[in-house]
Amino acid sequence: GLYAAIDIGAGTTDVAIFRYCDKHAVKDVAYYMADTDLVGGDNMDISIMKLVTDGNNEITETKMKLLSYIRHSKRNFDETDGLFLYNKRYDSHSIVAATKSDLDRIYSHYRRTWGKGYQKEMRPDHWEDLNILLLGGCNKLSYVNRRFSQDNPSRDFLGIIKKLQLHPI
């Protein structure tokens, strides 16, 4: 099958586009493209921090503690309840809006990498099904999962991907 492994780490997002073949008990992996971009969960944390501190960009010891607290609290993000930070609730729309440009950048990196991989084997019938392996801490965020499971990376290539399957790891 065809796979996109997307690891949204703290400081980088690593994307690999590959085919895993398991025919006749012979296992083989063919990589089409792999690339890294310097954007990740830390960028999202900083964007949330800017929301909490009303855009104040001055780096202080208090803000460094706040970043650590956000990183930990982000694991408990819930689209219904939002995010609680220091006994204050930030609704999910505010959190999603604050991190939108970071997620857009991560997703754009994935789409570019996918497009470069496709150009190595431009046979649309080989690209109809894509299994997305979503790794890293940010894959726990439901709106991140939704973006990768619903936004077709092949839209600039006549939408050749017909079926996306998300596998958060």
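These questions and answers walk through a predicted model of one protein chain.

Visitor: What order do the elements of the protein chain run in from the N terminus on?
Guide: The model is predicted, with local features needing pLDDT of at least 70 and side-chain atom pairs pLDDT 80 or more, while totals for chains, interfaces and linings use all residues. Residues are numbered from 1 along each chain as its sequence is written, and side-chain values use heavy atoms, leaving out hydrogens and water. The chain has 4 helices and 7 strands (DSSP runs, H or I of at least four residues for helices, E of at least two for strands, numbered from the N terminus). From the N terminus on, the order is β-β-β-α-α-β-β-α-β-α-β.

Visitor: At roughly what angle do the axes of helix H1 and helix H2 cross?
Guide: Two packed helices are described by the angle between their axes and the distance between the axes. Axes are lines fitted to C-alpha atoms, for helices over the stretch in contact, with angles from 0 to 180 degrees between N-to-C directions. For H1 (residues 41-52) and H2 (residues 61-73), the axes come within 9 Å and cross at roughly 115°.

Visitor: How many nonpolar residues does the contact of H3 with H4 have?
Guide: The axes of H3 (residues 92-118) and H4 (residues 142-150) come within 11 Å and cross at roughly 35°. Contact means heavy atoms within 4.5 Å, and among the residues making this one are Ile95 and Tyr107 of H3 and Phe148 of H4. Ala, Val, Leu, Ile, Met, Phe, Trp, Tyr, Cys and Pro count as nonpolar, Asp, Glu, Lys and Arg as charged, and the others, Gly among them, as polar. By class there are 2 charged residues, 1 polar and, as asked, 9 nonpolar.

Visitor: Which residue caps the N-terminal end of H3?
Guide: The cap involves the backbone nitrogen of His93. A side-chain oxygen lies 3.0 Å from that nitrogen, and the residue it belongs to is Asp91.

Visitor: Is Thr113 buried or exposed?
Guide: Thr113 lies in helix H3. Leaving aside neighbours within four places in sequence, Thr113 is in contact with Val15, Ile17, Met33, Ala34 and Asp35. Buried means under 20% relative accessible area, exposed over 50%, and partly exposed in between (1.4 Å probe, protein chains only). Thr113 has 1% relative accessibility, so it counts as buried.

How values were computed:
Polar contact = N/O pair within 3.5 Å; in protein donor to acceptor, adjacent residues only side chain to side chain.
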